[in-house]
Amino acid sequence: MAEVKLDFLGSLQRTHRCGELRASDAGSTALLMGWVHRRRDLGGVIFIHLRDRDGITQIVFDESRNPEQHKRAQELSGEYVIAIEGEVKLRGADTVNPNIATGEVEIAAAKIWILNESRTPPFPVEDNVDVKEEVRLKYRYVDLRRPRMQRNIIMRSKVAFAIRRALYAQGFLEIETPFMTRSTPEGARDYLVPSRIQPGTFYALPQSPQIFKQLLMVSGYDRYFQIVRCFRDEDLRADRQPEFTQLDIEISFLRDGQIYEIIEPIIWEACQAAGRTVEKKIAFITFEQAMRQYGSDKPDLRIPPFHCVEDLFAGTDLAREGLPLAAIHIPKAGTLTRKERDEIKAAGQERGLRVYDDSKRLERDFPEQMARVRERVKPADDDLLMLAAWAGEKRGALPEQTALLACGQLRLFLAQKYADRHKLLDPEVLKFVWVVDFPMFEWDEEEKRWNAAHHPFTSVHDDDLEKLTTDPAHCRAKSYDLVLNGVELGSGSIRIHRRDVQSKVFAALGFSEEEAKRRFGFLLEALEYGAPPHGGMALGLDRVIMLLAGEQSVREVIAFPKTAKATDLMCEAPSQVPEQQLRQLGIRVVNPQ
């Protein structure tokens, strides 16, 4: 094939984007720029679909009217970058394309400029083509041209803008905090950055701006926010990346319950920007209610709750003291086959549960109890209703929460198994919920110590303050999570603003005074300089966009994500660096094994 002569952009200026022209523009002259999406050569007439991020316009090269430009169009191939100028014309009634916004018009090309050629892409720039994720990520700059990805990334921009607008309207200031700070692990491993100027010392990339945003409250800025990158060196999954973006918020003089009034309008604006309609007010439940009704601290409200019915079976073999008996209810599951019932029992056993799936036998053996179960659950005739109980031998030694978690996992398994029958897990349905009053501490069996359930700067309930050192298991935190469709979007809390209370919490976590001062000394000192009562939260923006876009992975809404092994296939990172650079930093690489 002959070499293509390329043109310079020079002073060319486009008059329209590729998705803008309408029937009302007929008769005018337009100059468009973009990529060749599709080319159809019918001999004397060549049709080009020209694409940019706003849409597609059909261009017509007619040999009988403009042979020179028609010959030039024969050189075009997919993904070539071109500019064209010509008259906007109405299409004939039988050639209107209802699938694109510009489908009533086309441009009769008078002049074409070929600005750059393209190799044949590794995969078509289409949504309906199945491509391995490894290939998509290696050629991400091509993948990002696909309509689905462009929709997601454009939506992300619109949602971020809507969030900023909503926060400015509430008097927030956008303030940047450092990316290089000291290592203060918050539950995950830090990414460390060696210092050349101070050999042997390291900065850490922030897991969150937590301490800095609290210091901004001490500094009197009252209402802070930041859409900020954070970094955690942890194992990845569909909703987690080593570097991620969160909406970070902190408010001075935050009274109990006020956070809902602040966050809910922001969520509503974000959903509006994504074209999704939701209720302005979000319901809330306590952590204890979430566990007793859903077996999860991040409940999916699209699925009906289960009901603890051990009280209805008191004195029977089904009820064991101190452990729940769950009536699990899945709407419209219909009549199950024997194979399906065996699969459910096996799924229960995997989670440590015994499943009672034979409703007829239950009705025969426990007629009064099952009548009361149906009264409580209110299932329809074609609904699935079964009971589940813990099957372990040492029943009395098993915490109730472990059994509830297992019931919650079985509930999700059943919902996913039968979701297709009646769109139980429809991604178009958005069910937000606040979960509040979490435990202040979690027991670490391996370390034989208490850990902060949220983070060590979370305030304890006023009524539980005296329990910090005497009864940490029953301390409730002034913390709250925002959950959407079973995914935690973010967490927050009222912070500790008094030095004496912060010291008590550190003591409850097993920190000596020396360790607390070494790790958080500057914060403890700052609390002695007039720190106001304050609180806030952080929302995972990647997860928010993922759910609003109806995607299953955050990688589909991040422009340049990492793989599940935290690698960048396109840039081939992480990579080795020259020995000289390591020597300058005083670093020697050893085999981690």
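Val544 is placed in helix α15, residues 541–548, where helices (H or I, at least four residues) and strands (E, at least two) are DSSP runs numbered from the N terminus. At 9% relative accessibility, Val544 counts as buried; buried means under 20% relative accessible area, exposed over 50%, and partly exposed in between, with a 1.4 Å probe and protein chains only. Between Val544 and Gln13 the C-alpha to C-alpha distance is 37 Å, at a separation of 531 residues in sequence.

The structure is a predicted model, in which local features need pLDDT of at least 70 and side-chain atom pairs count only at pLDDT 80 or more, while totals for chains, interfaces and linings use all residues. Residues are numbered from 1 along each chain as its sequence is written, and side-chain values use heavy atoms, with hydrogens and water left out. The mean pLDDT (the predictor's confidence in each residue, from 0 to 100) is 91, and 96% of the residues reach 70 or more. Over residues 394–398 the pLDDT is below 50, and this stretch has six contacts in the model beyond near neighbours in sequence; a contact means heavy atoms within 4.5 Å.

The protein contains 16 helices and 21 strands. Its C-alpha atoms fill a box of roughly 90 × 75 × 50 Å along the principal axes. Of the 593 residues, 47% are buried. Among contacts between residues at least 6 apart in sequence, 67% join residues at least 24 apart. The accessible surface comes to about 31,200 Å², with 49% belonging to carbon and sulfur atoms; accessible areas come from the Shrake-Rupley method with a 1.4 Å probe, and for residues only the protein chains shown count as cover.

His37 lies in strand β1, residues 29–41, and is buried at 13% relative accessibility. Leaving aside residues up to four places away in sequence, His37 touches His49, Arg51, Ile56, Glu79, Val125 and Glu126. His37 and Arg519 are 482 residues apart in sequence, with their C-alpha atoms 56 Å apart in space.

The structure holds 49 salt bridges, each defined as a side-chain nitrogen of Lys or Arg within 4 Å of a carboxyl oxygen of Asp or Glu. In the salt bridge of Arg156 with Asp542, the closest N and O atoms are 2.6 Å apart. Arg156 belongs to helix α4 (residues 147–169) and Asp542 to helix α15, so the pair ties together parts 386 residues apart in sequence. Arg156 is buried, with a relative accessible area of 15%, and Asp542 is buried at 5%. Arg341 forms a salt bridge with Asp357, with the closest N and O atoms 3.3 Å apart. Here helix α8 (residues 338–350) supplies Arg341 and the loop between β14 (353–356) and α9 (359–365) supplies Asp357, so the parts tied together are 16 residues apart in sequence. Both Arg341 and Asp357 are buried.

Glu363 is bridged to Arg374, the closest N and O atoms being 2.6 Å apart. Since Glu363 lies in helix α9 and Arg374 in helix α10 (residues 367–377), this pair ties together parts 11 residues apart in sequence. Glu363 is partly exposed at 27% relative accessibility, and Arg374 is partly exposed at 31%. Salt bridges with shared partners also join Arg136, Arg140, Asp143, Arg146, Arg148, Glu551 and Glu556 into one network.

Rings of Phe, Tyr and Trp (its six-membered ring) pair if their centres lie within 6.5 Å; planes under 30 degrees apart count as stacked, over 60 as edge-to-face and the rest as tilted. By this rule there are 13 aromatic pairs. Phe179 and Phe231 form an edge-to-face pair, 5.6 Å centre to centre with 85° between the planes. This pair links distant parts of the chain, with Phe179 in the loop between β6 and β7 and Phe231 in strand β9 (residues 223–231), 52 residues apart. Phe179 is partly exposed at 39% relative accessibility, whereas Phe231 is buried at 11%. The rings of Tyr260 and Tyr480 are also edge-to-face, with centres 6.5 Å apart and planes at 75°. Tyr260 lies in helix α6 (residues 258–273) and Tyr480 in strand β19 (residues 479–484), so parts 220 residues apart in sequence are tied together.
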